[in-house]
Structures are given as structure tokens and as C-alpha cells.
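My entries follow in the order in which I made them.

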Amino acid sequence: MNWNSLADFAEMGGDAMYVWGSWAMAAAALLWEAAVLLQRRHIALDELRQHLRETAAWQEVDDAR
Amino acid sequence: MSPAALYHLAARWLPACWVLAAVSGTLGVAMSLVFTPTDGQQGDAMRIAFVHLPALWVAGAAWGMVAAGAVLDRLRNERAARLLTRAIAPSGALYTFVALWSGALWSKPVHGEWWPPPEAGHAAATGWALALMTLSFAAWAAGAVLHRVRSMVLEDERDNAWALQLDEVNPR
């Protein structure tokens, strides 16, 4: 174990701003990517469902004719 | 390979990617921040290497795959290759950004400049932490690519009949 206390760990030997700035940006980038991916799939599925519903509706109109 | 086959192949590999990313990420973070001793020359600023280098390598690999995919697309006119290439590119850009950002934050405390001077060289202190973080980033990126490519197939194939056979898109 490398650290004597939590404060010691947070301080990172005086380079806290640089170490945590790097790690936080990396974490933010990965999580942001995940959020965007989930949102994109959600939208794609929604649009596809909508499209299928509309085509099904038109099919019924066609059948009724 | 047809986009539909790619869609199902991606679904099969996705869980393994997320599990690998989570397990190696947890171990890697613990190794990087807790168990790896403070560097004798660079102090704790060296811990930036554990995100900088993995991000750099994954970005490099992503751009390599984009280049290879573009060649494949040109030579074979393969639709799946084109989709996969387009899906990889955003990850390449994202990890390039993380590598540049963390590189600047690493250089400043060590060399006094936001970009390392040419004479500085690169003291490499690699180990399990670095390997695990790279594996974690790579698995996460692979998962992201597979997830993205599935959305792309859905977007592209909206009018094709095979989409009707997916459980996820059957109208309620």
C-alpha cells in the first residue's frame, strides 16, 4: 500500500490537479461515449418501430381498398 | 458479410466486451492508483501514464483499423467493412482527445511545458497497471464500436425485411 491517508491519496504528491484532471477526463470521455451510444440505439429502434407502425397502417389502408 | 449478420455477430460479442472492460478496469484502476509505488523521478504525476498510454494505443489501433477498413471497402466494396470503419472512427477521435489531454497534463508537472521538450525522452515505467488499463480501454472501445455498428445497421436497414424479424423492433 502506497498511501498513509485518504488526504495523502487525494493530494497525489502535489500533482493532484494534473493526475485527477487526466483521470477525470478519461472517465468522463468513456461515460459520455456510453451515454451517446445508448441514446443512439434508443433513437434508431424508436424510428424503426415508428416506420414499421406507419407501413403497417398503410398496409391496412391498402388491404381495405 | 451482410449488415444483418454483422448486427447479430456484434450482439454476441458485446457482453464479453463489457465484462472484460469492467473486470480489467477495476483491477487496472486499483493497480494504477493504489498499489503501484510513487515513481522515483516523476512522483505521482507518473500515474497519468496509466490513462495516457492506453488511450494513445487504443487511438492508434482505431486509426489503423479505419485505414484497413477503408482499403477493404475500396477493394471489395464490402458493406459490413464500411459500416465497421464508420463505427470505429468516433472512438478513434475520442481516445485521441483523451491521449492529448492527459499528455499535456502529464508533461506540465514533469517538464514544465504542456508538450514535452524533445530532449525529455520518455521514461517508460510499464507493468500490470498499464497492461490492464490498456486492455480495459480496448475492451470498452470494442464494446462501443460493436454497439455503435448495431445502431448503424438499424438506421441503414430501416426498409429491409430482415429487420422485421428482430424481437427488439416488432411493433407493440
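I began with chain B, which has four helices and zero strands. From the N terminus on, its elements run α-α-α-α. Helices here are DSSP runs of H or I with at least four residues, strands are runs of E with at least two, and both are numbered from the N terminus.

I noted the ground rules next. This is a predicted model, where local features need pLDDT of at least 70 and side-chain atom pairs count only at pLDDT 80 or more, while totals for chains, interfaces and linings use all residues. Residues are numbered from 1 along each chain as its sequence is written, chains are lettered from A and ligands numbered from 1 in the order in which they are written, and side-chain values use heavy atoms, with hydrogens and water left out.

I looked up burial in chain B. Of its 172 residues, 46% are buried (under 20% relative accessible area; exposed is over 50%, partly exposed in between, with a 1.4 Å probe and protein chains only). I picked out B:Ser24, which is found in helix 1 of chain B. B:Ser24 counts as buried, at 3% relative accessibility. Its C-alpha lies 8.8 Å from that of B:Thr134, although B:Ser24 and B:Thr134 are 110 residues apart in sequence.

I turned to helix packing. Two packed helices are described by the angle between their axes and the distance between the axes. Axes are lines fitted to C-alpha atoms, for helices over the stretch in contact, and angles run from 0 to 180 degrees between N-to-C directions.

How do helix 2 and helix 3 of chain B pack, at what angle and how far apart? I found an angle of about 155° between helix 2 (residues 49–76) and helix 3 (residues 79–111) of chain B, with the axes 7 Å apart. Helix 2 and helix 3 of chain B are therefore roughly antiparallel (over 145 degrees; under 35 is roughly parallel, 65 to 115 roughly perpendicular, the rest oblique). The residues of this contact in chain B divide into 20 nonpolar, seven polar and two charged. Nonpolar covers Ala, Val, Leu, Ile, Met, Phe, Trp, Tyr, Cys and Pro, charged covers Asp, Glu, Lys and Arg, and the others, Gly among them, are polar.

I then checked the aromatic rings. Over all chains the structure holds six aromatic pairs (rings of Phe, Tyr and Trp, its six-membered ring, with centres within 6.5 Å; planes under 30 degrees apart are stacked, over 60 edge-to-face, the rest tilted). One of them is A:Phe9 with A:Trp20, edge-to-face, at 5.4 Å centre to centre and 75° between the planes. A:Phe9 lies in helix 1 (residues 6–11) of chain A and A:Trp20 in helix 2 (residues 16–64) of chain A, so the pair ties together parts eleven residues apart in sequence. A:Trp20 counts as partly exposed, at 28% relative accessibility. A:Trp3, A:Phe9 and A:Trp20 form one aromatic cluster.

My last entry concerns A:Met12. Where is A:Met12 placed? A:Met12 is in the loop between helix 1 and helix 2 of chain A. A:Met12 has a positive phi of about 50°, although it is not a glycine. With a relative accessible area of 0%, A:Met12 is buried.
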